[in-house]
Amino acid sequence: MAKISIMGAGSWGLGLSILLNNNGHEVTVWSVFEEELDVLRKNHENTKCLPGVKIPENIKFNGNTKEAVESADILVLAVASPYTRSTAKLLAPYVKDGQYIVNVGKGIEESTLMTLCDVIKDEIPQATVAVLSGPSHAEEVGRGIPTTCVIGTAKKEDAIFLQNIFMSDVFRVYISPDVLGICLGGSLKNVIALAAGIADGLGYGDNTKAALITRGIAEISRLGLAMGAKVETFAGLSGIGDLIVTCESMHSRNRRAGILIGKGYTKDQAMEEVKMVVEGVYSAKAALLLAKKYNVSMPIVEQINKVLFEDMNASLAVSELMLRDKKIEADSISWE
């Protein structure tokens, strides 16, 4: 049994708290918002984020940062990506040398173009940082619906240790050394999911969605390879797997926001309606900046940025994608 502190009381943090509690670990949920913790202590349910999912009575809630960090063997960092650095700064003074921090957020920091794992390492260099990602909506994990994810770490022995912590009969965990690829796949799929949602909001069909998913993973893979990630990662759970579920499911806040934008909402109106952080909006500019930095073609990302930040009409953005110069599907395949 391990002592685990979930740093963040949103839907994903709570879903993982249930999983880890059911695995027999001693689980504490931390939040900077004491009123949020008071509601959880009283009701053992977050009706906003995870309605109908009861939090087990033996899960503890603690707003004391020092106690939550120092009492744990493992920290699971489950805050929205815009708050990763500020939360890491808050935790840093109390983190022990080698203490595990498992990042489960998905995003790229716009100001630095760093993945969230790199942000955590930047603020807490003494920690052993890992990433958990894959097609895993909290609404289903919290209900024990079978789910599969991947854990990435720099050292194999750390990956195996964490695999054993998270693995259960309803939560299968693979391991990988490609931390960069896992972080990029989890972040960039949110941008493509916005595009998929916009297509739904415009009333387009299955053909359009399949094209966006397929060409979306091609864009993600091109950038990932240019940055030093492994192509196999993007064919796996944190790549195409996470992309499919985020583009297809109504649990996806990115898809839901995209649907509203396709129906004529502004980005801000859509985010207000969804009432949760829409990670793809925060990652879109960073994705475009990375594409330019590494000289990688990412036309879907380009059009999404125009829709989000330049008020381009969504249907016009789709037309521009369709009418681009003719291409070969895969540059690595050619006629000899």
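Author: Residues are numbered from 1 along each chain as its sequence is written, and side-chain values use heavy atoms, without hydrogens and water. In this predicted model, local features need pLDDT of at least 70 and side-chain atom pairs count only at pLDDT 80 or more, while totals for chains, interfaces and linings use all residues.

Reader: Why is Tyr100 with Phe161 called a stacked aromatic pair?

Author: Rings of Phe, Tyr and Trp (its six-membered ring) pair if their centres lie within 6.5 Å; planes under 30 degrees apart count as stacked, over 60 as edge-to-face and the rest as tilted. Tyr100 and Phe161 are 5.0 Å centre to centre, with 20 degrees between the planes. The pair is therefore stacked. The count by this rule is 1 aromatic pair.

Reader: What makes this pair a tie between parts of the chain?

Author: Tyr100 belongs to strand 5 (residues 100-103) and Phe161 to helix 7 (residues 156-166), so the pair links parts 61 residues apart in sequence. Helices (H or I, at least four residues) and strands (E, at least two) are DSSP runs, numbered from the N terminus.

Reader: How do you know whether Tyr100 is buried or exposed?

Author: Buried means under 20% relative accessible area, exposed over 50%, partly exposed in between (1.4 Å probe, protein chains only). Tyr100 has 16%, so Tyr100 counts as buried. Phe161 has 34%, so Phe161 counts as partly exposed.

Reader: What makes Lys285 lie over the face of Phe309?

Author: A charge sits over a ring if NZ of Lys or CZ of Arg is within 6 Å of the ring centre and within 35 degrees of the ring normal. Lys285 is at 4.5 Å from the ring centre of Phe309 and lies over its face.

Reader: How do you know which residues line the largest pocket?

Author: On a 1 Å grid over the protein atoms alone, a pocket is an open set of points where a 1.4 Å probe fits, with protein on both sides within 12 Å along at least five of seven lines; lining residues have an atom within 4 Å of a point. The largest pocket has 50 lining residues, with Gly10, Ser11, Val79, Ala80 and Arg253 nearest its centre. Helix 2 gives the most, with 4 residues.

Reader: What is the volume of the second largest pocket, and which helix gives the most to its lining?

Author: A volume is the space filled by probe spheres set on the grid points, joined across faces, edges and corners. For the second largest pocket this is about 980 Å³. Helix 9 gives the most to its lining, with 11 residues.
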